[in-house]
Amino acid sequence: MSTQLRERVRGVVGESAPRIDGVPKVKGTFAYGSDLWHERMLWGATLRSPHPHARIRRIEVGDAVAAPGVHAVLTADDVPGKKLYGLEFADTPVLAWDRVLYAGQPVAIVAAETPELARRAVARIVVEYEVLPAVTDMERALDPAAPKLHEWGNVLRHVRIEHGDPDAEAEVWVEGYYETAMQDQAPLGPEAGLAIPAEDGGVDLIVSTQWLHVDRQQIAPCLGLPEEKVRLTLAGVGGAFGSREDLHMQIHACLLALYTNRPVKMSYDRRESFLAHVHRHPSRIWMRTGASREGKLVNVRARLLIDGGAFASSSPAVIGNATTFAAGPYEVPNALIEGTAVYTNNPPCGAMRGFGAPQVCFAHEAQMDRLARELGIDPIELRLMNAVHTGSVLPTGQVVRGSAPVREVIELARSASLPPEPEPPPMRHPMTLPGGAGNVGRGEGLRRGVGFAVGYKNIAYSEGFDDFHQARVTLAAGPGGPVVEVHSAGVECGQGFSTVLAQVARTELGVDRVTLHAADTQLDSAGSTSASRQTLMGGGAVQLACAAVRQELFDRARSRVGVTGALSLADGWVLAEGVRAVEIADLLETPITATRTFHHRRTTPLDERGQGDVHVMFAFAAQRAVVEVDVELGLVRVVQVVSAIDAGRAINPQAVEGQSEGGTAQGLGLAVMEELQLRDGVIANASFTDYLIPTILDMPPVRTEIVEVPEPDVPFGAKGVGEHATIVSTAAIVAAIRDATGRELNRAPVRPDDVVGLRLPASSASWPPAPDVPGQEPLPAYHGVARGQSALTQSS
Amino acid sequence: MEVLLPRTLEEALAMKASTPEAVPIAGGTDLMVEINFDHARPEILIDLTRVAELASWRLDGDRLFVGAGMTYARLLRELPQMRALAEASRSVGSPQIRNRGTLGGNLGTASPAGDSLPVLAAHDAEVVLISAARGERSVPWDAFLVGVKRTSARPDELILGARWRALGGPQSFSKVGTRNAMVIAVVSLCFALDPEARTARVALGSVAPTVVRAPEAEAFLAAAFEDAGVWDDPGAPVPGGTVEAFAERVVAATRPIDDVRGSAAYRRHAVRVLAQRALRWAVGERATEAMVS
Ligand SMILES: Cc1cc2nc3c(=O)[nH]c(=O)nc-3n(C[C@H](O)[C@H](O)[C@H](O)COP(=O)(O)OP(=O)(O)OC[C@H]3O[C@@H](n4cnc5c(N)ncnc54)[C@H](O)[C@@H]3O)c2cc1C
């Protein structure tokens, strides 16, 4: 009978409940993957290829084996099971043999007593390479004469969307060419994990990842073990943004642990982290947009090319997304959009926040601005005039059936007040000007510009994929009152997902104490923490499980206490017809447990013409950015961003703001500084010294406007919000720089050279021809390469 | 790895004399990065942070001595009137780096992008070295910084600090990078006028293997000021075209390269802009002061 029970339950859906992991993270006591420790553990290290393309003639490990403190040196020959793995297709070697296809590809692994001994041993491995010509340009990859990376060629997937009459004529056309660079997720926590050999011949792996079950599904066959002998537990994740969707050290650490029969820890340093995870696809986009004189869009023709790098990763899904979103959140009656993901000898690219949408948003929004100029219409009016709404038909033929508050996000982003005009130069501290702490100006050459962008993206996995989420909820008596335990394999990677689960449980059961079980593989899959899907999927699963628990609680109340009428739960009580009837705690002599699996509505693959009900639902965003540009030095200061986010329903408004601000920072990075620079396929700036991400002096105040138009038929009407801001902010900020400078700026990030005119706009001779491929299916699938993560959808 | 912990300068010098291979460590903001990246693996470190003699400064009239152990945070706090030095110190890293990083470390690393170095160069500073065997010796900055990350310090020597004459005229330090803080200089420029000696000084970072001065530009400007009477009358107009012609000569002193931080063409461009701005600020400042007084 604690007094707490009589208080209103706090931290329910709709409140800015404090983050469960907030205090330990701020205090520095939260344990990340890199903090894992075992008394008997060895340290693993990886030898990686220095060449983007080479034949391996010989690997000599003798010296390394003989080095002090070394317990194992393994190469491809030592992989006991399958030698290939992959997220969507098993095209990636656990360790390279015969050929290496990118600089950074793992070739051998070592376990030794200390990290330093392991690194020293790696340096003693001798690999004789025969360097081969490398394909490091994505257009060149399409050339039939180019070297082939894989048996099935260099085309990974070609998607063709034909909509209406693609030859439809328009009164006005604008044409543009756009490029975006290779961006890195740059999570602050490097890849890390600890593999512990088990007595049953299996292995326990504690690892920072985004999806435990898809990891296991790839790891086990390579170890030659059944899945139940590979058990995963989540280690603290220091950010992911897509970079942890693919495997990094998982199989390597398990191999070393099983070989040495000792726990093995692997923890990458910053440089290796840059080499070991996939990046955001660089893109080239050719686009023609046709409209009537009044400004109604008539036809969009687009050609997209993205560089998938050496292995498939999630490129097939990324190009699927990019192609389906290429026309923007606008009603377009006719379209022909073709997107190709190619293999090259560049580092592999895969998932990153936005997943293909930021690249196309950069293009379609620049096209809308061009069109507005051409037509003499206000660019925001032009967007409003063409915005999709519930009932609109997308280029895939898919009807937008859920909430689509595009006009609302546009209006909110446009109507927020502009930052005050800056003080005249002598009054301003140089720190507040472009160049910041560099003290480069007193206001010379300063111009202000305003840019606007609207974008959208799917929530959850698409094209027929059933990425379900299982959760178990247990309601039990505790010393201080009833406690809910929530168990799911869903990964918290810093965005606040676990807090959302707790809020859902509190709301559904009227109990404020919630504990979260560590995410592990004891339960079935929770799907990936990506695609902005976990609020929907995890929230849905916990809600279902709570409903089952509640039902049992009501049954107990009826049968044991004899309450009657309509029952509900609130603040620790079972209410009958709204009146407190019995305390929940009094019904819990035995705990109540329920395990439930949430599925989103089914989608379909793209058909031959690129038509289909491919996406589960959509989320929209609009941003207005204000920048100041020092046009003489080419330096940019973003002054203000207004970020209007379609959340469906904000489960935790502060978390929505967090995603809006963090997503803006990442979009700002791609707009003005973030680029992995490749020199003949080799990353030249794999460090935080030279891969610059925004600091607090680069981030403007972000004003977030949350739009809540509930999505029908989903828990609480909530959409995910993890990606929206990133999708639009690059486009909005670059548009603002265009406005300030009058320059074309068709490539992100914008460099000082572009602003001052030392570098011409990116250009391309002509639209690359469509490759000759059998259909919409990714080429590896067509050629029978085993499917990866989709196998998981069969297990339920 | 062994770490020696001298408490006095004398102890430190004795250690450096007996184990010349020992590597001094001050703030560690360069050295620890080298060690973490496995670029350097010293067997022995000498931690200088307890040596009080290094962590001090003195101003005798216009003669300034800054100890090697002075951090950027202290320079900012204690010597704000040394404008260019303060502006350079403020441009370094983040608060954490400014709390640890030292002038001696910047000299020891001898990077062409070291932000204090153009300030030292513009002041014709001497680097003061010290050893147990030979005591102190002073080396002009350009005889100390001999190449990319190369100095003329001898194995038994420590950097005691740097010494220069404080200049009476306006001065500034500017650094261009592609983010608003925490950035390695794409180019940097320190400009100073010395009305007493009727000279101008301009020093540049990240445009050549070491920090460089632009002597022809300096001579041109000094002469132009002479001709126009600007040295004697700070309010006298600077003839049209002087600023641009000066900046062209500053650009001519650079030998920039293309690298991941910026293109050679942009570096030249940015040097031109910074040189013009710095000169205009200085001229403006003198003119304003003249009007006020
Ligand atoms: C995140 C980050 C940001 C940075 N930003 C900047 C920046 O903006 N601008 C900039 O210029 N630098 C920057 N640096 C580099 C570094 O902070 C500076 O060069 C700093 O001045 C180094 O000082 P320290 O005391 O930390 O040197 P340490 O790392 O301790 O030493 C550096 C070198 O100097 C030698 N040394 C140090 N003291 C002596 C002495 N008394 N006698 C002889 N040798 C000595 C050491 O042996 C070593 O070789 C940055 C570094 C980091 C990690």
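This is a predicted model: local features need pLDDT of at least 70, side-chain atom pairs count only at pLDDT 80 or more; totals for chains, interfaces and linings use all residues.
How many nonpolar, polar and charged residues does the shell around the ligand have?

**Figure 1. The shell around the ligand, by class and by element.** By class, 15 residues of the shell are nonpolar, 13 are polar and four are charged. Of the 32 residues around the ligand, the ones that come nearest are B:Pro24, B:Thr29, B:Asp30, B:Tyr72 and B:Thr102.

**Figure 2. Polar atoms of chain B facing the ligand.** Start at B:Gly28, where a polar backbone atom is 2.7 Å from an oxygen atom of the ligand. Finally, look for B:Lys175, with a side-chain N or O atom 3.0 Å from an oxygen atom of the ligand. On its own the ligand has 980 Å² of accessible area, and the protein covers 86% of this. Two or more shell residues come from each of these elements of chain B: β2 (23-25), α2 (31-36), α5 (95-100), α6 (103-109) and β10 (158-165). The element that gives the most is α6(B), with five residues.

**Figure 3. The largest cavity and its lining in chain A.** Seven cavities of 30 Å³ or more are found in the structure, and the largest has a volume of about 290 Å³. It is lined by 24 residues, of which A:Tyr85, A:Thr92, A:Tyr102, A:Leu247 and A:Ala276 are the closest to its centre. In chain A, β5 (92-93), α6 (250-260) and α7 (270-276) each supply at least two lining residues. The lining divides into 14 nonpolar, eight polar and two charged residues.

Figure 4. The peptide bond that runs from A:Ala748 to A:Pro749 is cis, and its omega is near 0°. You will find A:Pro749 in the loop that joins β31 (747-748) to α16 (752-756) of chain A.

**Figure 5. A positive phi at A:Glu463.** A:Glu463 is a residue other than glycine, yet its phi is positive, near 55°. Its place is the loop between β18 (446-459) and β19 (469-476) of chain A. As background for these last two views, most peptide bonds are trans, and most residues other than glycine have a negative phi.

Technical notes. Residues are numbered from 1 along each chain as its sequence is written. Chains are lettered from A and ligands numbered from 1 in the order in which they are written. Side-chain values use heavy atoms; hydrogens and water are left out. A residue is near a molecule or strand if one of its heavy atoms lies within 4 Å of it. A polar contact is a pair of N or O atoms within 3.5 Å; within protein, one must be able to donate a hydrogen and the other to accept it, and residues adjacent in sequence count only if both atoms are side-chain atoms. Accessible areas come from the Shrake-Rupley method with a 1.4 Å probe; for residues, only the protein chains shown count as cover. Helices (H or I, at least four residues) and strands (E, at least two) are DSSP runs, numbered from the N terminus. Ala, Val, Leu, Ile, Met, Phe, Trp, Tyr, Cys and Pro count as nonpolar, Asp, Glu, Lys and Arg as charged, and the others, Gly among them, as polar. On a 1 Å grid over the protein atoms alone, a cavity is a set of points where a 1.4 Å probe fits but cannot get out, and a pocket is an open set with protein on both sides within 12 Å along at least five of seven lines; lining residues have an atom within 4 Å of a point. Grid points are joined across faces, edges and corners, and a volume is the space filled by probe spheres set on the points.
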